[in-house]
Every structure is written in C-alpha cells, then in structure tokens.
Amino acid sequence: MRIAVFPGSFDPITLGHYDIVERAAPLFDKIIIAIGQNSQKKYMFSLEQRKEFIQKTFKDFPNVEVDSFEGLTIDYCQSKKVNFILRGLRNPADFEFEKAIAQTNRTLTHDNKIETIFLLTSAGKSFISSSIVREIISFKGHYELLVPDSVRV
Ligand code: ADP
C-alpha cells in the first residue's frame with residue numbers, strides 16, 4: 001500500500017492545503033492528514049476544531065483520513081509504517097525550508113527511507129497561507145474566500 005502522511009499545523013486548513021490533498025488523493029492508496037500538535041506553540045484553533053474542519057472538508061474522500069501527533073514527523077510516520085511524506089511548495093522560501101527538512105529526515109531514517117513527495121501549488125493558490133487567514137479572521141475580513149466551506153468561525 002502506498003500511504004502518505006500530509007503533516008502540518010492546519011491552523012486552519014486553507015484552499016491551498018485542499019488543492020494539494022485533492023491532487024494527491026489519486027496518487028496514493030491512502031493519505032493521512034496529520035495535525036502536528038506542539039505544546040510550545042499557540043494556535044488560533046484547538047486541535048479538536050482543526051480536526052473537525054478537516055474531517056468535514058474531506059468527508060467525500062474515501063482514502064483521506066485525519067489524525068494528530070506530537071513530536072517528530074518521521075517518528076509518527078514510522079509508528080504508522082508510512083514511507084511517504086507529502087508537502088506542498090508555494091515559492092522559493094518553501095523550497096529552501098522543505099529541502100533542509102526532507103534531507104534531514106532522510107538522514108535520520110537512513111535504514112528505513114522515507115521519501116518526501118512535493119506537489120507544486122496550483123496557480124492562484126500560492127499566496128494562501130494559514131497565517132494570513134488567521135490575520136484576516138482576527139480583523140473580521142472575508143476569510144471565507146481562502147478556506148474550504150467547512151471552516152467557519
Ligand atoms: P507547517 O506548520 O508544517 O508549515 P502548514 O499547515 O502551514 O504547516 O502547511 C502544511 C503543508 O501545506 C506544507 O507542506 C505547506 O507548504 C503546504 N501548504 C500550505 N499552504 C499551501 C498553499 N497555498 N499551496 C500549496 N501548499 C500549501
């Protein structure tokens with residue numbers, strides 16, 4: 001089975017995340033959207049809310065699941081016996097950051113390679129980020145244009 005973990009904060013899920021999952025769904029037998037929970041980090045939405053937004057968004061996708069984890073993504077992948085990490089690339093800054101993480105993950109999992117698979121963001125979605133969505137929400141702007149219908153505050 002080809003199973004991919006799509007890790008992220010998803011605070012909240014955006015149309016950019018949706019685009020990556022929708023396009024990756026036919027490429028894998030299963031995709032686990034894994035919400036990273038870091039006790040040091042402050043989130044706008046609780047883990048339960050972030051999970052519910054994602055579950056509702058992908059309710060009609062039979063091969064997309066939602067889970068959460070603490071700690072290193074590779075440890076989570078190994079506990080689930082998953083060999084693929086899915087990430088989205090928006091711009092050169094994402095590329096530099098993701099390259100370092102993917103190469104580190106390959107080094108740390110030398111016996112049991114985990115490959116990171118990148119999909120380029122679709123044109124028209126590359127400017128969307130959860131941090132900008134949070135900013136719009138906090139100033140009561142039209143965040144609905146940037147997130148799936150299931151995300152409502
Ligand atoms: P993290 O805190 O790990 O960066 P995010 O929830 O911000 O978590 O992002 C998770 C993944 O989704 C990352 O691979 C990120 O590059 C990707 N992503 C976020 N926004 C977009 C977008 N607009 N288009 C494509 N990929 C995106």
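Contact here means heavy atoms within 4.5 Å of each other. The model is predicted, so local features are taken only at pLDDT of at least 70 and side-chain atom pairs only at pLDDT 80 or more, while totals for chains, interfaces and linings use all residues. Residues are numbered from 1 along each chain as its sequence is written, and side-chain values rest on heavy atoms, with hydrogens and water left out.

Setting aside neighbours within four places in sequence, V82 is in contact with I3, A4, V5, I32, C77 and I114. V82 sits in the loop between α3 (73–79) and β4 (84–89); helices (H or I, at least four residues) and strands (E, at least two) are DSSP runs, numbered from the N terminus. V82 has a relative accessible area of 3% and so counts as buried, where buried means under 20%, exposed over 50% and partly exposed in between (1.4 Å probe, protein chains only).

Next comes the packing. A nonpolar core is taken as a set of buried Ala, Val, Leu, Ile, Met, Phe, Trp, Tyr and Cys residues joined through side-chain atoms within 4.5 Å. The largest such core holds 30 residues, and F6, I31, I33, I54, F58 and L86 have the most contacts inside it. Two or more residues each come from β1 (3–8), α1 (15–24), β2 (30–36), α2 (47–57), β3 (64–69), β4 and α5 (130–138). Another core, of 11 residues, lies apart from this one and has V5, I32, A34 and I74 among its members. As for F58, its contacts beyond four places in sequence are I13, Y18, V21, I33 and V64.

Helix α5 has S130, V133 and I137 as its buried residues. These cover an arc of only 60 degrees around the axis and therefore lie on the same side of α5, the arc being that of the directions from the helix axis to the C-beta atoms. An α-helix has 3.6 residues a turn, so residues three or four places apart point the same way. Included in what covers the buried residues of α5 is α1. K140 is in the segment after α5 and has a positive phi of about 60 degrees although it is not a glycine. With a relative accessible area of 77%, K140 is exposed.

On to charged pairs. With a salt bridge defined as a side-chain nitrogen of Lys or Arg within 4 Å of a carboxyl oxygen of Asp or Glu, the count comes to 10. One of them joins R87 and E98 at 2.8 Å, N to O. This pair links distant parts of the chain, 11 residues apart, with R87 in strand β4 and E98 in helix α4 (residues 92–108). Both R87 and E98 are buried. R106 and E115 also pair up, their closest N and O atoms being 2.8 Å apart; R106 is partly exposed at 33% relative accessible area, and E115 is partly exposed at 35%. In the K59–D60 bridge the closest N and O atoms are 3.8 Å apart. K59 is exposed at 64% relative accessibility, and D60 is exposed at 61%.

At 2% relative accessibility, F10 is buried. P12 is in the loop between β1 and α1 too, and a cis peptide bond joins D11 and P12, with omega about -5 degrees.
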